[in-house]
Amino acid sequence: MSGLDHLVLATPDLPDAVATVTRLLGVAPVPGGRHVGRGTRNFLLGLGDGGYLELIGPDDDQPVPALPRPFGLDGLTEPRLVTWAAQVTDIDGAVAAARTADYDPGDPAEMSRATPDGQVLNWRLTLSNDGSHTGVIPFLIDWGSTTHPSVNLPQVTLRSLEVTHPDPTTISARLRALSIDIAVQPGLRPALIATLDGPAGALTLL
């Protein structure tokens with residue numbers, strides 16, 4: 001059964017997004033690490049039940065990467081909840097099962113990042129056929145033997161996560177192919193909407 005691993009909040013100005021989240025929730029995200037060669041870094045905030053929020057943005061201490069930064073970062077003008085990840089323990093099996101159910105989540109790819117204390121985290125995730133991982137359908141992620149990033153993070157509460165799409169029937173079928181049970185509401189455009197609760201108040205991300 002796939003479950004929420006993390007939400008991805010992409011932002012063109014990472015320090016500003018971290019400051020805003022801290023002010024509105026009353027809990028500060030902590031540095032996650034740098035994605036060397038991809039021109040990005042992230043901050044993390046726990047959401048309970050092993051999930052977390054990833055704030056990702058350009059890393060000004062790295063050279064401009066040869067390829068576009070992930071999550072459409074180079075074209076963003078404000079923070080946006082761009083996608084989410086579903087955790088699996090056998091990513092190859094999960095991909096095969098989804099394809100049997102007529103949805104192709106893409107081939108797994110190897111990824112890594114360095115943490116502030118010098119550790120290297122390794123994981124595998126699925127990329128769509130165009131090499132992206134954005135949208136209301138989550139990408140799959142398998143942390144293998146790596147300690148999950150949510151361990152020991154400062155925590156807020158994920159009150160709700162909503163999915164909207166102009167074609168909810170198709171999106172619901174694709175989510176079922178990934179063993180994800182979440183209602184898809186009709187909407188004018190694809191959107192993820194997450195509401196978080198912290199000591200200082202609530203924050204809605206979309």
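Okay, let's start with a tryptophan: Trp143 counts as buried, at 6% relative accessibility. Buried here is under 20% relative accessible area, exposed is over 50%, and partly exposed is in between, with a 1.4 Å probe and protein chains only.

Before I go on, this is a predicted model, where local features need pLDDT of at least 70 and side-chain atom pairs count only at pLDDT 80 or more, while totals for chains, interfaces and linings use all residues. Residues are numbered from 1 along each chain as its sequence is written, and side-chain values use heavy atoms, leaving out hydrogens and water.

Back to the tryptophan. What does Trp143 pair with? Rings of Phe, Tyr and Trp (its six-membered ring) pair if their centres lie within 6.5 Å; planes under 30 degrees apart are stacked, over 60 edge-to-face, the rest tilted. That rule gives 1 aromatic pair. It is Trp123 with Trp143: the ring centres are 5.0 Å apart and the planes sit at 45 degrees, so we call the pair tilted. Trp123 is in strand β7 (residues 120-126) and Trp143 is in the loop between β8 and β9, so the pair ties together parts 20 residues apart in sequence. Trp123 is buried too, with a relative accessible area of 9%.

Now the whole chain. You've got 3 helices and 12 strands; these are DSSP runs, with helices being H or I of at least four residues and strands E of at least two, numbered from the N terminus. The radius of gyration is 16 Å, close to the 17 Å from the globule rule for 206 residues, so the chain is as compact as a globular protein of that length. That radius is taken over C-alpha atoms, and the rule is 2.2 Å times the number of residues to the power 0.38. Along its principal axes, the C-alpha trace spans about 40 × 35 × 30 Å. Of the 206 residues, 49% count as buried.

Last stop, some backbone angles. Most residues other than glycine have a negative phi, and most peptide bonds are trans. Which way does phi go at Asp49, positive or negative? Positive, near 55 degrees. Asp49 is in the loop between β3 (40-48) and β4 (51-58), and it is exposed, with a relative accessible area of 87%. Asn152 has a positive phi as well, about 70 degrees, and is not a glycine. You'll find Asn152 in the loop between β8 (139-142) and β9 (157-165), exposed at a relative accessible area of 76%.
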